[in-house]
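Dear colleague,

Please find below the structure that I am handing over to you, with its sequence. My notes on what was found in it follow directly after.

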Amino acid sequence: MGELNINHLTKVFGDDDGEIVAVDDLDIAIEDGEFLVLVGPSGCGKSTTLRCVAGLESVTSGNIILDDESVTNRKPKDRNMAMVFQNYALYPHMTAQENMGFGLKMTTNLSKAEINQRVEDTAKMMGISELLDDRPGNLSGGQQQRVALGRAIVREPEVFLMDEPLSNLDAKLRTQMRTELQELQQHLDVTTIYVTHDQTEAMTMGDRIAVLNRGELQQIGTPLECYHQPNNRFVAGFIGSPSMNFLAMRWTGQTLEHTTFEYHLSEQTMQQVRDMGVEQVTLGIRPEDIQPEANDPNAITITVNVTEPLGDMTYVYFDIGDTACTASVPGDLSISEGDRLSVTFPQDRIHIFDGNTGKVITNRTFRPTDKANQSVNT
Ligand code: ATP
């Protein structure tokens, strides 16, 4: 079992200059075996949350519950959790084998032979048996991180806590290790909290992702839920690359008015905006949802500033008024700098946010289950 509940967790750091609320009343329930990614910009409280769960940091208030038992006041070694750090934290004077077995030696009554057996079995499963006699100084970054992961795995914990474990690796190795780590986690089926500031890692690795900003939980959901159905403008802007385009608009009571164009809403969306009783709104549209199209009443003409061909797709950069926008179009469309194009933001792809609070008023249509069933049935 490894069902973890973070209940009303608050962590305040204080000194003579004042207080910093690093984590603010955080509530997250993580299922046994789930891979949860904590993601957010630098300073949003990810590491502090993880350190509170690990017991490396005391909580100001709130509780950490593992399988219905509070571990809030337990020492880190008594929580049955294993942490993996960004900088590997291996002992330089010990071999990989000694590093991997060290935790077991210090916290269990296992004999030396039993520890060696566990280390060798884990190393075999991870494909790092040939590294066991090497010291960290003789290992590459990727090998060191595998040893650090192995050290966590041999302890057979109920929960893995990983703090940006792939950040020190180069881009290619990071992508490879991302897949390895996911496969390993699925194979071991151990509850995992994985901290990263990288939204691509969050999107590709997590069963669910929890998006934090300024110590507060903004949204928790599957990667696709957070991508297509963001709770607010912050999540909409943080998840996805290139980022969602945002246009400041005024609700006239009939249409959305930008300084350079008007956008006509469907009757249903108009009602949603009316119900919110706001005047200033933000229209959001993802780059891939902007369609080259002239025959739509909402079509606008734009002038291409720059294009970035990537092969399968091309990023097209343009301005709408003062706002820099990006569209991503199929790579075989012939578009060049200076071209004038008609584009539209389809009704079922737009997001509308409250212009003041950033809270979502309406999201784009998103029905993943329907689509999956359709493709199976056809
Ligand atoms: P990063 O990705 O940069 O590590 P993070 O999201 O993990 O950021 P935290 O390290 O949890 O953020 O920090 C959250 C806030 O708490 C920041 O404002 C940070 O400066 C502050 N903070 C963290 N640790 C301490 C500490 N020991 N003493 C005082 N303030 C701290």
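**Notes on the model**

Leaving out residues up to four places away in sequence, T10 touches V23, D24, D25, V59, T60 and S61, where a contact means heavy atoms within 4.5 Å. This T10 belongs to strand β1 (residues 4-15), strands being DSSP runs of E of at least two residues and helices runs of H or I of at least four, both numbered from the N terminus. T10 is buried, with a relative accessible area of 14%; buried stands for under 20% relative accessible area, exposed for over 50%, and partly exposed for what lies in between, with a 1.4 Å probe and protein chains only.

Before going further, please keep in mind that this is a predicted model, in which local features need pLDDT of at least 70 and side-chain atom pairs count only at pLDDT 80 or more, while totals for chains, interfaces and linings use all residues. Residues are numbered from 1 along each chain as its sequence is written, and side-chain values use heavy atoms, with hydrogens and water left out.

**The chain as a whole**

The secondary structure of the protein chain comes to 10 helices and 21 strands, and its C-alpha trace spans about 75 × 50 × 45 Å along the principal axes. Of the 378 residues in the chain, 47% are buried, and among contacts with a separation of 6 or more, 67% are between residues 24 or more positions apart.

Neighbours within four places in sequence aside, I239 is in contact with V39, Q199, M203, I209, V211, Y227 and R286.

Helix α2 (residues 96-107) has A96, Q97, N99, M100, G101, G103 and L104 as its buried residues, and these pack against α3 (112-126) and α4. Helix α1 (residues 46-54) is mostly covered, with seven of its nine residues buried, and just after α1 the residue G55 takes a positive phi of about 90°.

**The largest pocket**

What is the volume of the largest pocket? The value is about 520 Å³, taken as the space filled by probe spheres set on grid points that are joined across faces, edges and corners. On a 1 Å grid over the protein atoms alone, a pocket is an open set of points where a 1.4 Å probe fits, with protein on both sides within 12 Å along at least five of seven lines, and lining residues have an atom within 4 Å of a point. Of the 20 lining residues, M81, A82, M83, F85 and R155 are the closest to the centre of the pocket. While β6 (81-84), α2 and α4 each supply at least two residues of the lining, α2 gives the most, with five.

**Individual residues**

N363 is found in the loop between β21 (360-362) and α10 (368-377), and N363 is buried, with a relative accessible area of 19%. The side chain of N363 reaches the backbone oxygen of P230 at 3.0 Å, and a polar contact of 2.6 Å joins the side chains of N363 and H351; a polar contact is a pair of N or O atoms within 3.5 Å, of which, within protein, one must be able to donate a hydrogen and the other to accept it, and residues adjacent in sequence count only if both atoms are side-chain atoms.

In strand β12 (residues 255-257) one finds T255, whose side chain makes a polar contact with that of E262 (3.4 Å).

The peptide bond from S241 to P242 is cis, with omega near -5°. N80, which is not a glycine, has a positive phi of about 60° and is partly exposed, with a relative accessible area of 32%. R214, also not a glycine, has a positive phi of about 50° and is exposed, with a relative accessible area of 71%.

With best regards
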